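Hi everyone, thanks for coming. I'd like to walk you through one structure today, so please have a look at it on the screen.

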Amino acid sequence: MIGPMTNTTLTAETITTAQIKALRSEAMAAGDYAQVDICDRALAADDSTTDQDGNTVARADLSREDARAECADAINAGQG
């Protein structure tokens, strides 16, 4: 489970980096590489097409904000 159980719905604005990293770890362990890619995009410093190490991001078509929203949605779905 990611973070404490609350009644608060996460959004792109309220999700934390720690929550995204935890989601990424769970997705990696589950073999959900599509979610890993979305998390990587959400963790990017900006909307560039490379990550912090200079590697091309897999979901360059997805804005950082949209990726954060998708991560929030994934966590919200897991809390239900």
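Predicted model: local features only at pLDDT ≥ 70, side-chain atom pairs only at ≥ 80, totals over all residues.

**A walk through the helices**

Residues are numbered from 1 along each chain as its sequence is written, and side-chain values use heavy atoms, with hydrogens and water left out.

What does the chain contain? There are three helices and zero strands, and along the sequence the pattern reads α-α-α. Helices here are DSSP runs of H or I with at least four residues, strands are runs of E with at least two, and both are numbered from the N terminus. Among the contacts with a separation of 6 or more, 49% are between residues 24 or more positions apart, contact meaning heavy atoms within 4.5 Å.

Now to the packing. Two packed helices are described by the angle between their axes and the distance between the axes.

Take α2, residues 33-43, and α3, residues 64-78: their axes come within 8 Å and cross at roughly 130 degrees. That makes α2 oblique to α3. For the cut-offs, angles under 35 degrees count as roughly parallel, over 145 as roughly antiparallel, 65 to 115 as roughly perpendicular, and the rest as oblique. The axes are lines fitted to C-alpha atoms, for helices over the stretch in contact, and the angles run from 0 to 180 degrees between N-to-C directions.

Who meets whom here? From α2 we have Q35, I38, C39, R41 and A42, and they meet R64, A67, R68, E70, C71 and A74 of α3. Sorted by class, the residues of this contact are six nonpolar, one polar and four charged.

Looking at α2 by itself, its buried residues are Q35, V36, I38, C39, R41 and A42. Their cover includes α1 and α3.

Next, α1 against α3. The axes come within 10 Å and cross at roughly 70 degrees, so these two helices are roughly perpendicular to each other. On the α1 side the contact uses Q19, I20 and L23, and on the α3 side R68, C71, A74 and I75. This contact has five nonpolar residues, one polar and one charged.

Let me finish with two alanines. A74 sits in α3 and is partly exposed, at a relative accessible area of 27%. Neighbours within four places in sequence aside, A74 is in contact with L23 and Q35. A74 and Q35 are 39 residues apart in sequence, yet their C-alpha atoms are 8.8 Å apart.

And A18: is that one buried or exposed? A18 lies in α1, residues 17-30, and counts as exposed at 56% relative accessibility. From the C-alpha of A18 to that of L43, 25 residues apart along the chain, the separation is 9.8 Å.

Conventions: Nonpolar A, V, L, I, M, F, W, Y, C, P; charged D, E, K, R; others polar. Buried < 20%, exposed > 50% of the residue type's maximum accessible area, 1.4 Å probe, protein only.
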